[in-house]
Amino acid sequence: MNILKNSFFSNAIAFATAAVLAVGSVSQAQAKNTDSEDIRIVKVDDNNFEKEILHSKAPVILEISSTSCPPCLVMIPTLIGIAKNYRDIKVASVGIDEPGIDKIKNTLPIQAFPTFFLIKDGQIVNRLVGVVKEEQLLQALDYTPKAVKQQAKKPAKKTGKDRNLVCKVNGQFHGLKNLVTISFVFGDTEIKNVDIVTDVFVPPEMYDKREEMMAHIQASGKGEVTPTMAGFQMHIDNDCRFMKAMDMKRTSTYGEMRAGLELQGFKCE
């Protein structure tokens with residue numbers, strides 16, 4: 001039996017009706033940006049899960065992400081690349097911090113972020129957790145995609161000037177409210193610098209736990225942690241061992257990164 005289908009269909013019939021009638025549900029969420037890039041990543045929630053995932057004719061790479069998860073942000077360029085270059089694969093994303101995904105959380109075994117479910121014909125054929133390379137995702141999907149024929153493009157004109165992008169989003173960190181700010185510096189051909197700052201707000205009744213939380217994060221090696229008046233701040237810069245270990249794909253354009261982050265709920269400037 002198809003466990004994924006059975007668990008989801010066991011929900012009320014009203015959910016299936018809502019999936020058809022839901023206002024704003026679309027089969028292909030496309031984010032347009034200033035560089036005219038077309039980022040073909042489907043945004044999924046309870047309303048369109050059945051249609052986009054269970055009934056998808058194309059094999060699916062379904063990402064479960066969190067705005068408070070640096071590895072999730074690092075994976076954005078890879079997912080954009082797959083969505084652009086392999087149009088016979090559907091790339092879909094669920095934001096765990098967003099509303100309207102209760103049935104998805106009760107259906108899928110989600111324990112860490114990012115988690116990638118590789119799905120064919122409504123069945124999970126594989127699952128990967130953490131930062132992975134494009135070839136690992138394709139191999140786990142056990143599918144040989146057809147690459148899009150790329151039209152020859154003129155080399156980008158080198159300006160010698162850097163271009164900055166700053167994106168922010170409010171989210172949660174282990175139940176605590178936070179603000180994530182990710183900053184990029186783009187050169188002519190690659191991302192030159194990435195800087196991620198997460199401001200975590202600790203309520204007064206939990207202040208006695210603040211030092212313990214900070215020590216745990218510091219011990220993980222995921223950047224520097226410093227106390228603030230409202231809680232504490234996590235800072236991951238371009239040179240920290242955590243960022244280097246994640247081996248971020250750095251050839252994404254300004255437009256691709258902006259579109260990918262805005263799809264995840266970030267506001268960019």
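**Disulfides and aromatic contacts**

The torsion about the S-S bond of C167 and C268 is about 110 degrees, so this disulfide is right-handed; a disulfide here is a pair of cysteine sulfur atoms within 2.5 Å. C167 belongs to strand β7 (residues 163-173) and C268 to strand β12 (residues 267-268), so the pair ties together parts 101 residues apart in sequence. Strands are DSSP runs of E with at least two residues, helices are runs of H or I with at least four, and both are numbered from the N terminus.

Please note that this is a predicted model, in which local features need pLDDT of at least 70 and side-chain atom pairs count only at pLDDT 80 or more, while totals for chains, interfaces and linings use all residues. Residues are numbered from 1 along each chain as its sequence is written, and side-chain values use heavy atoms, with hydrogens and water left out.

The sulfur atoms of C167 and C268 are 2.1 Å apart, and both cysteines are buried (under 20% relative accessible area; over 50% is exposed and in between is partly exposed, with a 1.4 Å probe and protein chains only). The whole structure has two disulfides. C69 is joined to C72, at 2.4 Å from S to S.

I turn to the rings. F186 is buried, as is Y254. F186 and Y254 form an edge-to-face pair, 5.6 Å centre to centre with 70 degrees between the planes (centres within 6.5 Å; under 30 degrees is stacked, over 60 edge-to-face, the rest tilted). Together with F184, these residues form one aromatic cluster.

Conventions:
Rings of Phe, Tyr and Trp (its six-membered ring) pair if their centres lie within 6.5 Å; planes under 30 degrees apart count as stacked, over 60 as edge-to-face and the rest as tilted.
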